Amino acid sequence: MAAKIFKNYIGGEWKASSSGETFKNINPANKKEVVGRFQQSTARDVKEAVAAAAEAFPAWKKTPAPKRGEILFRVAESLVKNKEKLAQDMTREMGKVIKETRGDVQEAIDMGYYTAGEGRRLLGETVPSELNEKFCMSVRMPVGIVAAITPWNFPLAIPSWKLIPALVAGNTVVIKPASDTPLSVHHFVRLMEEAGLPPGVLNLVTGSGRGVGTPLMDHAKVNMVSFTGSTETGSLVAQHCAKRMKQYSLEMGGKNAILVMDDADLNLAVEGVIWGAFGTTGQRCTACSRVIVHKKVLKKFTNLLIKRTKTLKLGNGLNEKIDVGPLVNEGQQQKVHEYVKIGKEEGARLLTGGSYHRSGGCRDGFFYKPTVFADVAPKMRIAQEEIFGPVLSVIACRSLDHGIQIVNDSSYGLSSAIFTQDVNRAFQAIEHLDTGITYINASTIGAEIQLPFGGTKGTGNGHREAGTAALETFTEWKSVYVDYSGKLQKAQIED
Ligand code: NAP
């Protein structure tokens, strides 16, 4: 049977690309299964989508924010109704196991309910004036036309972090989803349409990074680019936007670490590390790819870790019993294998995994065995570079201070965690770990949407997503002075 063809959504219409071409979205658990065909769009389609967003902007900005919030609340309601179908399609298009894709949809639901309420807040400030009979306040204004460029590892959650706050704040949006996962965003946009979002307020254009992403971020009418993806592409976004004086927010890579102290509950720590390292097949920006273990418990911890790693079941994520799905595509699978070779060459000791997995119905998928290296030195490439796959490095440390120093010796700064029973050590870690997120006695993954999300150093450019922080990204402040004295009062000027 021919694969279904999905279209762009521009100005409230589902349209084919001007190129007349489509590209395949395949199931990474079985590359013979084509999930759908999507529009291979061009700069012309981008131009049309931005024009639609520009036309829709004045009316959407004028729509009272509580009304905008109500539409988004309805979107959250329909995400709830469609949760299982969305999760199944997401597993088919990117491979992560069904429990996790349900979680991905749940994150979008949480974001919808939480942010819809912002329509009735969008809090500003009132402050006293230095002059009599003068009123001072700040109010939030939309930025304008927002371009959202999103990755494939959270096909619905990450788009929801961008679209929902941007829309509630009165912006109009053009989204370009990752080419590995356009289906989830396609479903999301359809639900937005059904919930009553007016034409042009949200537009979807699928296609490649260069063919669609670049003309989108370069378009003169786009006021802001909200990007999540690799540090390499993020740096390009920054260069393009800086040249054109556009705003941009970047959420990029990570090289996250868990510290395991000598007083930790080791079984709990092993569970946390397994979940952080091999959940989503290691393809989370917050994935744990380094575990830094106090030398007093190193041997015991490593033995428990290897035993537990070997119990993980690989396979098609639609099967509820599977723990680890495939990597998203062949390129990612090869990249992981390259890093395994690099680790061996660097002198790290391979304890388990380190090869493709093709048995038990996995022949046609991009599977890779959960891999653990021991005797990893902090400066090795496998301990410094983002692998984005199921490869974990075990590193020894002498003390808390030494462990913190190793965690911080990274060009990234997204997530960190510490397992300890000592409250003093926990608070020292909170103070000194240079990451945007720190967990105590939990894994590096599992952020909740009511708190800011993002990282320091090479992970971001100072912006945060989610929580109230998202509004800072998607609004401009306007300061308002109302003088009701009836005379010209001059601030700072002495009579
Ligand atoms: P990516 O290759 O940088 O792609 C991200 C998005 O940018 C995709 O939509 C991609 O389109 C597009 N793109 C690629 N080249 C472009 C260009 N020259 N101009 C404009 N757009 C371009 O990243 P990815 O492989 O999808 O995602 C994995 C990365 O994302 C990892 O580094 C991970 O750590 C990071 N990530 C970070 C966070 C966070 O919040 N910090 C969250 C999730 C993921 P195509 O798909 O068509 O190539």
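So, who sits around the ligand? There are 30 residues in that shell, with Ser-179, Ser-230, Thr-233, Met-252 and Glu-386 coming nearest; near here is a heavy atom within 4 Å. Quick caveat: this is a predicted model, where local features need pLDDT of at least 70, side-chain atom pairs count only at pLDDT 80 or more, and totals for chains, interfaces and linings use all residues. Residues are numbered from 1 along each chain as its sequence is written, and side-chain values use heavy atoms, with hydrogens and water left out.

Now the polar contacts, meaning pairs of N or O atoms within 3.5 Å. Thr-233 puts a polar side-chain atom 2.7 Å from a ligand oxygen. Thr-214 has a polar side-chain atom 3.1 Å from a ligand nitrogen. For Met-252, a backbone N or O atom lies 2.7 Å from a nitrogen of the ligand. Taken alone, the ligand exposes 900 Å², and the protein buries 87% of that (Shrake-Rupley areas, 1.4 Å probe).

Where does the shell come from? Helix H7 (209-218), strand S10 (224-228) and helix H8 (231-243) each give at least two residues, and H7 has the largest share, with four. Those are DSSP runs, numbered from the N terminus: helices are H or I with at least four residues, strands E with at least two. Domain 1 (5-252 + 460-479) and domain 2 (256-440) each contribute at least three shell residues; the bounds come from an automatic or database domain assignment.

How values were computed:
Polar contact = N/O pair within 3.5 Å; in protein donor to acceptor, adjacent residues only side chain to side chain.
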